[in-house]
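Let's start with how the angles are named.

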Amino acid sequence: MARVKGAMMTRKRRNATLKLAKGYWGSKSKHFKMAKQQVMKSGNYAFAGRKQKKRTYRTLWIARLSAAVAPYGLNYSTFMHGVKLADIQLNRKSLSEMAIQDPTAFAAIVEKAKAALN
């Protein structure tokens, strides 16, 4: 049996890692060992960042809704409770966009939520 050497696949694998590390500072983009460590860590940061993005957007929508319902004499939690009681099937993202884009429709939803609370 002939001996098979793995130089080609090793080089391919290393080049793939170095390609992912392109643009990193210093040795992290040039040397395979350091690039491999940084690519692993970057992947972990990216994974966590995808989860944090969802939290951040939800916080933004809540802040927008809180500011949008304040002129109607409601706070955020009371408004959302009224929305649930009125059986309005809109999520926070939709409600916050509606508050910005279509204030008249949002005012109607606020009135429905207020009526459901009483």
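## Ground rules

Angles under 35 degrees count as roughly parallel, those over 145 as roughly antiparallel, 65 to 115 as roughly perpendicular, and the rest as oblique. The axes behind them are lines fitted to C-alpha atoms, for helices over the stretch in contact, with angles running from 0 to 180 degrees between N-to-C directions. Helices are DSSP runs (H or I, at least four residues), numbered from the N terminus.

This is a predicted model, where local features need pLDDT of at least 70, side-chain atom pairs count only at pLDDT 80 or more, and totals for chains, interfaces and linings use all residues. Residues are numbered from 1 along each chain as its sequence is written, and side-chain values use heavy atoms, leaving out hydrogens and water.

## Where α2 meets α3

Helix α2 (residues 32-69) packs against helix α3 (residues 76-85) at about 90 degrees, with the axes 9 Å apart. That makes α2 and α3 roughly perpendicular to each other. On the α2 side, Ile62, Leu65, Ser66 and Val69 make the contact (heavy atoms within 4.5 Å), and α3 brings Tyr76, Phe79 and Met80. Sort those residues by class and you get six nonpolar, one polar and no charged. For the classes, Ala, Val, Leu, Ile, Met, Phe, Trp, Tyr, Cys and Pro are nonpolar, Asp, Glu, Lys and Arg are charged, and the others, Gly among them, are polar.

## Where α4 meets α5

The axes of α4 and α5 come within 6 Å and cross at roughly 125 degrees, so α4 and α5 are oblique to each other. Here Leu95, Met98, Ala99, Ile100 and Gln101 of α4 meet Pro103, Ala105, Phe106 and Ile109 of α5. This contact has eight nonpolar residues, one polar and no charged.

In soluble globular proteins, nonpolar side chains tend to be buried together.

Buried or exposed: which is Phe106? With 2% relative accessibility, Phe106 counts as buried, on a scale where buried is under 20% relative accessible area, exposed over 50% and partly exposed in between (1.4 Å probe, protein chains only). Phe106 sits in α5 (residues 103-117). Beyond its neighbours within four places in sequence, Phe106 contacts Leu65, Ala68, Val69, Tyr72, Phe79, Leu95, Met98 and Ala99. Leu65, with residues up to four places away again left out, touches Tyr76, Phe79, Met80, Arg92, Leu95, Ser96 and Phe106.

The structure holds one salt bridge, meaning a side-chain nitrogen of Lys or Arg within 4 Å of a carboxyl oxygen of Asp or Glu. Arg64 pairs with Glu97, their closest N and O atoms being 3.4 Å apart. The bridge joins distant parts of the chain, Arg64 in α2 and Glu97 in α4, 33 residues apart. Arg64 is partly exposed at 31% relative accessible area, and Glu97 is partly exposed at 34%.

Now for the loop between α3 and α4, where Asp87 lies. Its phi is near 60 degrees, a positive value in a residue other than glycine. Most residues other than glycine have a negative phi. Asp87 is exposed, with a relative accessible area of 55%.

Technical notes:
Helices (H or I, at least four residues) and strands (E, at least two) are DSSP runs, numbered from the N terminus.
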